[in-house]
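Me: I have a model on my screen and want to learn how to read it. Can you take me through the features one at a time?

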Amino acid sequence: MGAMSDARIGTPSAPWLTERQQQLVRESYAHLEPVADAAASIFYFRLFDLDPSVRALFAADMTAQRRNLMQTLGTIVRGIDRLDLLGPSVAALGRRHAGYGVRAKDYETVEVALLDGLEETLGSIFDAETRAAWAAAYRYLSATMQGFAGDIAGGAPAHAPRAGP
Ligand code: HEM
């Protein structure tokens, strides 16, 4: 305890998501789970439409990939109130992704594909507040996978290009 005053502080998922955002992610995921495979198809369709060059990083048969993605999302959502506990496994997932050839800009493309895909799948359930909650959850994943979560959690600006060589 102690000098913690921000609304986000006081939960082990601080500073990534407020408790309200955690609740919105959980509630909307409940609608997503029954249509997980279709949701994943919509996501990859959006992704490959936004940037056809990332298609080559994936196997021809996307069946296992769709399952992997939705299972991982499920793990994240179940642990959304304790993101601190997921940190090491998410960081390891990120290191594997570097090995798959995933670049920083791909994380931005995936964010757009994910949020737009969720909107397409969930319709009016996916309102602006829910979208912002998922965006916050994705920022946690993206920063942790790329290894700069500490900078953001500490309040520093997210990796602006640095001057110099
Ligand atoms: C929230 C972010 C992401 C999550 C939760 C996620 C999840 C996963 C999971 C669970 C796997 C299975 C393999 C493993 O566990 O190492 C995987 C593989 C993969 N992901 Fe991601 N991923 C994310 C972001 C991205 C991004 C930004 C890209 C860039 C296009 C990407 C491209 C790939 C590729 C190419 C593979 C390997 C496919 C293969 O081996 O055929 N992922 N991802």
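Reply: Start with burial. A residue is buried if 20 or more other C-beta atoms lie within 10 Å of its own, exposed if 12 or fewer, and partly exposed in between, with C-beta atoms placed from the backbone. By that count, 23% of the 165 residues of the protein are buried. Keep in mind that this is a predicted model: local features need pLDDT of at least 70, side-chain atom pairs count only at pLDDT 80 or more, and totals for chains, interfaces and linings use all residues. Residues are numbered from 1 along each chain as its sequence is written.

Me: How many helices and strands does the protein have?

Reply: Helices (H or I, at least four residues) and strands (E, at least two) are DSSP runs, numbered from the N terminus. Here there are 7 helices and 0 strands. Along the sequence the pattern reads α-α-α-α-α-α-α.

Me: What share of the contacts with a separation of 6 or more comes from residues 24 or more positions apart?

Reply: Two residues are in contact if their C-beta atoms, placed from the backbone, lie within 7 Å. Among contacts with a separation of 6 or more, residues 24 or more positions apart account for 75%.

Me: Now the core. Which residues of the largest nonpolar core touch the most other members?

Reply: In soluble globular proteins, nonpolar side chains tend to be buried together. A nonpolar core is a set of buried Ala, Val, Leu, Ile, Met, Phe, Trp, Tyr and Cys residues joined through C-beta atoms within 7 Å. The largest one here has 26 residues, and Val 25, Phe 43, Ala 133, Ala 137 and Tyr 140 touch the most other members. The elements giving two or more residues to this core are α1 (19–32), α2 (36–50), α4, α5 and α6. The most comes from α6, with 7 residues.

Me: Which residues does Ala 133 contact, leaving aside its neighbours within four places in sequence?

Reply: Ala 133 is in contact with Leu 17, Gln 21, Leu 24 and Val 25. Ala 133 is also on the list of buried residues in α6, along with Thr 130, Trp 134, Ala 137, Tyr 140, Leu 141, Ser 142, Ala 143, Thr 144 and Met 145.

Me: How do I check the length of a helix?

Reply: The expected span is 1.5 Å times one less than the number of residues. Just after α6, Gly 147 takes a positive phi of about 85 degrees.

Me: And α4? Where does α4 bend?

Reply: The 18 residues of α4 should span 26 Å at 1.5 Å a residue, and the end C-alpha atoms are 24 Å apart, which agrees. The bend at a residue is the angle between axes fitted to the seven residues ending there and the seven starting there. In α4 that angle is about 30 degrees at Ser 89. The buried residues of α4 are Leu 83, Val 90 and Gly 94, and they pack against α6. Just after α4, Gly 101 has a positive phi of about 95 degrees.

Me: Which residues come nearest the ligand?

Reply: A residue is near a molecule or strand if its C-beta atom, placed from the backbone, lies within 6 Å of it. There are 18 residues around the ligand, and Leu 57, Ala 59, Asp 106, Val 110 and Leu 141 come nearest. At least two shell residues each come from α3 (63–78), α4 (83–100), α5 (104–122) and α6 (128–146).

Me: How does the shell divide by class?

Reply: Ala, Val, Leu, Ile, Met, Phe, Trp, Tyr, Cys and Pro count as nonpolar, Asp, Glu, Lys and Arg as charged, and the others, Gly among them, as polar. The shell has 12 nonpolar, 4 polar and 2 charged residues.

Me: Why is His 31 classed as partly exposed?

Reply: Because His 31 has 15 other C-beta atoms within 10 Å. His 31 sits in helix α1. Beyond its neighbours within four places in sequence, His 31 is in contact with Leu 122 and Ile 125.

Me: Where is Arg 82 placed?

Reply: In the loop between α3 and α4. Arg 82 is partly exposed, with 13 other C-beta atoms within 10 Å. The C-alpha atoms of Arg 82 and Thr 11 are 7.8 Å apart, though 71 residues separate them along the chain.
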